[in-house]
Amino acid sequence: MPTYTVTVANLSLSPQQKSQIAEAITAAHNAQTGAPRFFAQVLFSAANEGDHFVGGKVNTAPQVYVHGLVREGRSIEIKQALMSQMLEEIAHIVGIKAEDVWIYLHDIPATQMIEFGRFLPAPGDEAEWEKGMSPEKRASLLKQPR
């Protein structure tokens, strides 16, 4: 956790842009929440032409939607700082106005999520939880940039 789904409408992202967005989201989540970088995962999808409506009408403007599922227990200030950082970076990477990037965060209790085969810890308890991983999994995750 967290899981961020990035959906685009009326634009295509290059592999480089996807990588940059994934890095921006991961870095923002790590910086604002203190959670390990390896917790963040980012998934991409695109709406087909004619499948995106705003106000009941087909939308033709390029837009990016970020839906984040995050562990509950963080302040509004932390969540708004996280969203603001992502907003700025994503708009810059994609080359669209900030008003065309929409971000939603949904809190989920850690007791209702399993990752790496175990229930997730409460925010702030990641270091102790990480020690319970298998040596192989921990080594593979620790090789990634933090």
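Hi everyone, let's start with helix α1, residues 15–33: at 1.5 Å a residue its 19 residues should span 27 Å, and its end C-alpha atoms are 27 Å apart, which agrees. The expected span is 1.5 Å times one less than the number of residues, and helices here are DSSP runs of H or I with at least four residues, strands runs of E with at least two, numbered from the N terminus.

Please keep in mind that this is a predicted model, where local features need pLDDT of at least 70 and side-chain atom pairs count only at pLDDT 80 or more, while totals for chains, interfaces and linings use all residues. Residues are numbered from 1 along each chain as its sequence is written, and side-chain values use heavy atoms, leaving out hydrogens and water.

Back to α1. Its buried residues (under 20% relative accessible area, 1.4 Å probe, protein chains only; exposed is over 50%, partly exposed in between) include Ile-21, Ala-24, Ile-25 and His-29. The buried residues of α1 pack against β1 (3–9), β2 (41–47), β5 (63–71) and α2 (76–94), with contact meaning heavy atoms within 4.5 Å. Just after α1, Gly-34 has a positive phi of about 80 degrees.

Now α2. Among its buried residues are Leu-82, Met-86 and Ile-90. Viewed down the axis of α2, the buried residues fall within an arc of 155 degrees, so they line one face of the helix; the arc is that of the directions from the helix axis to the C-beta atoms. Glu-77, Glu-88 and His-92 are exposed, on the face turned away from the buried side.

Finally, Trp-102 lies in strand β6, residues 101–108, and counts as partly exposed because its relative accessibility is 32%.
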